[in-house]
Amino acid sequence: MLKKSEAFLSAAITGLFLFFPMSLGLASSLMLAIVLLWLVTGNLKARWLRIKANPVAWAALLLYAIVLLGIFYSPASWNDIGLHLTKYLKLPFAVILMSAIATDKLQKRCLNAFVMAMGFVLISTWLNIWWDLPWSKTHNQGWNVTHHVFGDYITQNIMMAFLVLVALVRTIRSPNTWHKIAWAAVALLASISITHLSEGRVGYVLLWVVLAVFVFSALKGRAMWLAAVSGAVIMVVVLASSGLMRDRFELAFTEMQRADAEKMTSVGNRIYLYKITPQLIAEAPLLGHGTGSYHSEICRFVNIPQGCHGWISWHPHNQFLFFAADHGALGFAAYLFLLISMAWMARQTADPEIRVLLIGLAALLAVNSLTNASLWSARESHFFTYMMALLSCRALYHRKPVPAVQATA
C-alpha cells in the first residue's frame, strides 16, 4: 500500500510539471493531491533532512512566515489578507515538493515533463501563424503579430525563455550530433517565438537575460567571448528584422516620454506606481503596513483624475516593492535571501547543467520582479515556485562533495 502511495505521489508530481503551463485549474487539483499523498506516505524524517539541508526551503518558509506575521498588524480586510495567504501558499507547497522530489529519476522526469509541455506550447505557437487552433488564447494568424497559447504572453515568454536556456545547455552537453542539432533548433524556434511572435517587451529582456546567463555560466575562455560578441550582433539583426519588437520598443519609449501626462498606459502606469509606492513604504519602513495592506493603503497616495482604479491597487508591478510595502525591510530582505539562496545552491552543485539552469531561474525571477509581481501573479508564481523547488532539489542531490579536511574537522 505504501509503495502504491509513493508511486501515486511521483505520478502526481510529474503531472504537475506536465500540466501547469497549460492549466492552472488542473495544477491546483494536483497540488491538493500531492499534499494528501505526501501526508499518507509519511517518511517524515528523511523529508525533514532534505528540507534542513536546503537553504532555498528555509528562505521560502521564512518569506511565508513573514506573510503570516503581517496578519497581526494589517489594516486590510480579511478578503485581502486571505488572498495573500492563498497566493503565497505556493511557497510552503514548494518546500513540500523539495522534500518529495527525492530521486534523480523523478527529478529528470519532472524537468522533461515541463520541457514536453513547453514543446507543445512552442509547436502550437508556430502552427497558430497559419491555423486557428481551438486551444490557443490568440486567434490572429500571420507573421509579426502576437501569438500566445495559454494564459498571457508575459508568462508564456518567461517559460519560453527558460526553455531556450534548457535547450542551449543540452545542445552543448548532448554527446549525439543529431541531438545537438535538435536542441539547437528548439532554442532557435523558441527564441523567435519570443522576438517575432509576441508583443511582450519583458519577454525580449528575459531572452537576453538567459542568453547572457548561458554565455557567462556555461561557456569559458575564447568560446565565451566569441558567443558574447556573436550574440550582440544577432540581437541587432533580430531587432532590425522584427517589426513587432521595434514597434513595442518605440511604443515603450513614447509612453515613457508621456508618463507624467498619460499614467494609464502600460509604461506610464508602472512609472507612476514606482513613484508613489516608495511613499507608502516610507511610512512603515521596517515591518511594512501588513499583509494585504497595499491594496487599500496605496489609494491614499493616488492623485490622478481616474482615482485608485484596479490597475493601481492590484499590485505595484514590482515584487520587491510589493513585499516592501506590505512587509517592510524584513520582507524585502527575505525575498533577497530567497534569490541569493538559489544562486548559492547553484554554486554548490557539481552538475554544470543544474548550475546554469538554477542561476538562470534566479536571474529570470529577479529581473521579472522589477516589472511584475512574480510570486503574486498566478501563472508566473506557479512556474517560479515549482521550478525553484525542482532545481534546488537537483542541486542538493548533485552537490559537490565536502573536502576531506572539512569532513574530518
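The protein's secondary structure comes to 19 helices and 0 strands. The model is predicted. Of its 409 residues, 53% count as buried. Among contacts between residues at least 6 apart in sequence, 73% join residues at least 24 apart.

**Salt bridges around Asp 104**

- A search of the whole structure finds 7 salt bridges, and Asp 104, Lys 108 and Arg 394 are linked in a network of them.
- Asp 104 and Lys 108 are separated by about one helical turn, because they are 4 residues apart in helix α7, which covers residues 104–127.
- Asp 104 is buried, with a relative accessible area of 16%, a value that falls under the 20% cut-off for buried residues.
- Lys 108 counts as partly exposed, at 44% relative accessibility.
- The side chain of Asp 104 also meets that of Arg 394 in a salt bridge, at 2.9 Å from N to O.
- Asp 104 lies in helix α7 and Arg 394 in helix α18 (residues 378–397), so this pair ties together parts that are 290 residues apart in sequence.
- Arg 394 counts as buried, at 7% relative accessibility.

- Arg 173 and Glu 353 meet through their side chains in a salt bridge, at 3.9 Å from N to O.
- This pair links distant parts of the chain, 180 residues apart: Arg 173 is in helix α8 (residues 153–173) and Glu 353 is in helix α17 (residues 352–368).
- The distance of 3.9 Å falls within the 4 Å limit used for a salt bridge.
- Arg 173 counts as partly exposed, with 41% relative accessibility, whereas Glu 353 counts as buried, with 17%.

- Thr 349 is placed in the loop between α16 (319–348) and α17.
- Thr 349 is buried, its relative accessible area being 1%.
- The side chain of Thr 349 reaches the backbone nitrogen of Asp 351 at 3.3 Å.
- Leaving aside residues up to four places away in sequence, Thr 349 touches Ile 354, Arg 355, Arg 394, Ala 395, His 398, Arg 399 and Lys 400.
- Among these contacts of Thr 349 is Arg 394, a residue that also belongs to the salt-bridge network with Asp 104 and Lys 108.

**Cavity**

- Rolling a probe the size of a water molecule over the atoms shows where empty space is left.
- For this model, a search of the whole structure finds 1 cavity of 30 Å³ or more.
- About 30 Å³ of space lies in the largest cavity.
- The largest cavity is lined by Pro 21, Met 118, Val 121, Phe 150, Gln 156 and Met 159.
- Helices α7 and α8 each supply at least two residues of this lining.
- By residue type, the lining of the largest cavity divides into 5 nonpolar, 1 polar and no charged.

Note on methods:
Residues numbered from 1 in each chain as written. Predicted model: local features only at pLDDT ≥ 70, side-chain atom pairs only at ≥ 80, totals over all residues. Heavy atoms only, no water. Buried < 20%, exposed > 50% of the residue type's maximum accessible area, 1.4 Å probe, protein only. 1 Å grid on protein atoms, 1.4 Å probe; cavity = no way out; pocket = protein on both sides within 12 Å on 5 of 7 lines; lining within 4 Å. Points joined across faces, edges and corners; volume = space filled by probe spheres on them. Nonpolar A, V, L, I, M, F, W, Y, C, P; charged D, E, K, R; others polar. Polar contact = N/O pair within 3.5 Å; in protein donor to acceptor, adjacent residues only side chain to side chain. Contact = heavy atoms within 4.5 Å.
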